[in-house]
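I will go from the overall picture to single residues and write down each term's cut-offs as I meet them.

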Amino acid sequence: MKKLIFIIAVVIFSACADKKSEDIQHNPAPAKFDPATLVVKESADTGLTGQLLYMPVYSNIPYHIVGVSEFDMSAFVAVHNTDLMNPVRITKVLYFDTHGKPVYDFLTEGPVELEPLATRDFYVPYEDKSGTGANFLIEWVSDKRVSEPLIESITISLKPNQSVAFLSRGKVIRESR
């Protein structure tokens with residue numbers, strides 16, 4: 001009986017091992033993209049030429065345990081150009097603390113251009129002590145009407161047995177069409 005079970009197990013495992021993975025492509029070809037090939041076409045009367053956003057992040061959050069009053073977090077903001085054809089320029093990325101005091105200017109060397117479908121991240125380190133009300137002001141502009149960029153912040157702390165993460169989206173303060 002043991003020999004029969006052993007033989008059946010060997011047959012099953014060898015059948016699985018002999019199965020070819022022809023239907024699974026492990027090395028796909030480099031992607032090529034042409035927006036003109038999309039079925040859903042862009043509407044001529046949509047799009048924006050700029051926005052100013054308020055983006056909350058949480059540099060530290062209250063944490064009530066003996067001897068600890070704050071839980072330190074790192075954060076980053078991602079600006080995603082969602083337009084398929086046109087670049088956008090990020091003109092301001094200013095970081096403020098809980099009290100509304102400027103902490104850091106991420107664009108001291110001037111505006112940053114994002115090509116279509118490109119993303120740019122701005123990072124606040126774990127050691128930052130700007131507080132629960134820390135925030136960014138982010139401004140972007142474009143010479144042409146473009147689809148609205150997706151701008152999100154991720155605040156995270158990865159400690160053993162105490163991992164925390166937040167995802168936030170910005171609030172538009174000003175907008176131009």
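What is the mean pLDDT of the chain? I found a mean pLDDT of 82, with 79% of the residues at 70 or more, where pLDDT is the predictor's confidence in each residue, from 0 to 100. This is a predicted model, in which local features need pLDDT of at least 70 and side-chain atom pairs count only at pLDDT 80 or more, while totals for chains, interfaces and linings use all residues. Residues are numbered from 1 along each chain as its sequence is written, and side-chain values use heavy atoms, with hydrogens and water left out.

**Entry 1: elements and confidence**

I looked up the secondary structure and noted one helix and 12 strands in the chain; both kinds are DSSP runs numbered from the N terminus, helices being H or I with at least four residues and strands being E with at least two. Confidence is lowest in helix α1 (residues 2-18), with a mean of 54, and highest in β7, at 97.

**Entry 2: burial and contacts**

I then checked how much of the chain is covered: of its 177 residues, 30% count as buried, where buried means under 20% relative accessible area, exposed over 50%, and partly exposed in between (1.4 Å probe, protein chains only). For contacts (heavy atoms within 4.5 Å), I noted that residues 24 or more positions apart account for 77% of those in the chain with a separation of 6 or more.

**Entry 3: the nonpolar core**

In soluble globular proteins, nonpolar side chains tend to be buried together. I searched for a nonpolar core, that is, a set of buried Ala, Val, Leu, Ile, Met, Phe, Trp, Tyr and Cys residues joined through side-chain atoms within 4.5 Å. The largest one has 23 residues, of which Val 77, Val 79, Phe 122, Phe 136 and Ile 151 touch the most other members. At least two residues of this core come from each of β1 (48-56), β4 (74-80), β5, β7 (112-114), β8 (119-124) and β9.

**Entry 4: aromatic pairs**

Rings of Phe, Tyr and Trp (its six-membered ring) pair if their centres lie within 6.5 Å, and planes under 30 degrees apart count as stacked, over 60 as edge-to-face and the rest as tilted. By this rule I count five aromatic pairs. One of them is the tilted pair of Tyr 95 and Phe 136, at 5.0 Å centre to centre with 45° between the planes. Tyr 95 sits in strand β5 (residues 88-96) and Phe 136 in strand β9 (residues 135-146), so I see the pair linking distant parts of the chain, 41 residues apart. Both Tyr 95 and Phe 136 are buried. The rings of Tyr 104 and Phe 106 are edge-to-face, because their centres are 4.8 Å apart and their planes stand at 80°. Tyr 104 itself is partly exposed, at a relative accessible area of 49%. Which residues form one aromatic cluster? I listed Tyr 95, Tyr 104, Phe 106, Phe 122 and Phe 136.

**Entry 5: a hairpin**

Strands pair if DSSP finds at least two bridges between them, and β5 and strand β6 (residues 102-105) do so in the antiparallel sense over three bridges. I noted Leu 94 opposite Asp 105 in β6. The two strands form a hairpin with five residues between them, and Gly 100 in the turn has a positive phi of about 80°.

**Entry 6: salt bridges**

How many salt bridges does a search of the whole structure find? I found three, taking a salt bridge as a side-chain nitrogen of Lys or Arg within 4 Å of a carboxyl oxygen of Asp or Glu.

- Arg 89 pairs with Asp 143, the closest N and O atoms being 3.3 Å apart. Arg 89 lies in strand β5 and Asp 143 in strand β9, so this pair ties together parts 54 residues apart in sequence. Arg 89 is partly exposed at 27%, whereas Asp 143 is exposed at 69%.
- Glu 152 pairs with Arg 169, with closest N and O atoms 3.1 Å apart. Glu 152 is buried at 14% relative accessibility, whereas Arg 169 is exposed at 57%.
- Glu 175 pairs with Arg 177, at 3.2 Å between the closest N and O atoms.
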